[in-house]
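Here are my notes for you on this one. Have a look at the model first, then go through the points with it open.

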Amino acid sequence: MPQLVLIRHGQSEWNRQNRFTGWVDVDLTEDGVAEARRAGELLSDTDFKPDLAFVSVLKRAIRTLNFTLEGLDRLWVPVTKSWRLNERHYGGLTGLNKAETTEKHGADQVKIWRRSFDIPPPLLDADHEYHPSQDSRYADIPAQDLPGAESLKSTLDRVQPYWEAEIRPALADGQNVLIAAHGNSLRALVKLLFEVNDTDIIGVEIPTGNPLLVELTDDTLVPVSARYLDADRAQPLPAVKQAAA
């Protein structure tokens, strides 16, 4: 029975400053490093042994993965980095303080931008410093695939092909997989795994640095159990469907 672990990166500098981060490559805080190390400790107390790992191309997720693998004494496992696991791109909100943005635009409008399933925030111009076209790590990606802003739906639209082409086949082959990514890219994976509807998924919260351990059926990869390893910082999970006998 293959196992999948999802880990949201530890607290970042912009998390601490209450700013919209998205694709900006900010680092972990000291608390974020501690969360990442704790993730490795929590996993080392289970029987989970990853055969390979996937991570975004943003350092807060990469460093979280490295600390986690170090705690498992499995720094040697193959790691694949992909922009498709990046955080949702917050467009024109990127870099703004969330509280100040609420004061300026009103709580209702900001809630729509942050929490609606398919309404993105204002677009960034392609020449803006926070637009991915200005970052060399995305130089080989077709311009039409680089977002100027994303909703959760458009985040799901870029995550799902990667899940189907790279992650799901590894699990189907019986391998245990570790993924370190971000609140919204992981929310997209949770939506796919647990078949969460468009309305309910926006209420799913992913805590930082708290491994979500999912056991899957061998054949259809249906979740048969799921739990956060740090019960004190757990968030409610979608119901696990009973796998067919």
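1. Let's begin with His182. Not counting residues up to four places away in sequence, His182 touches Arg8, His9, Ser56, Leu58, Arg60, Ala61, Leu85, Asn86, Glu87 and Arg187; contact here means heavy atoms within 4.5 Å. With Ser56, the side chain of His182 also makes a polar contact of 2.8 Å (a pair of N or O atoms within 3.5 Å; within protein, one must be able to donate a hydrogen and the other to accept it, and residues adjacent in sequence count only if both atoms are side-chain atoms).

2. A word on the source: this is a predicted model, where local features need pLDDT of at least 70 and side-chain atom pairs count only at pLDDT 80 or more, while totals for chains, interfaces and linings use all residues. Residues are numbered from 1 along each chain as its sequence is written, and side-chain values use heavy atoms, leaving out hydrogens and water.

3. Is His182 buried or exposed? Its relative accessibility is 0%, so His182 counts as buried (buried is under 20% relative accessible area, exposed over 50%, partly exposed in between, with a 1.4 Å probe and protein chains only). You'll find His182 in the loop between E4 and H7; helices (H or I, at least four residues) and strands (E, at least two) are DSSP runs, numbered from the N terminus.

4. Ala143 counts as exposed because its relative accessibility is 62%.

5. Leaving aside neighbours within four places in sequence, Leu6 is in contact with Ile179, Leu186, Leu189, Val190, Leu193, Asn210, Pro211 and Leu212.

6. Last, a spot around H4 (residues 98–105). At the start of H4, a side-chain oxygen of Asn97 reaches to within 2.9 Å of the backbone nitrogen of Ala99. Just after H4, Gly106 has a positive phi of about 95 degrees.
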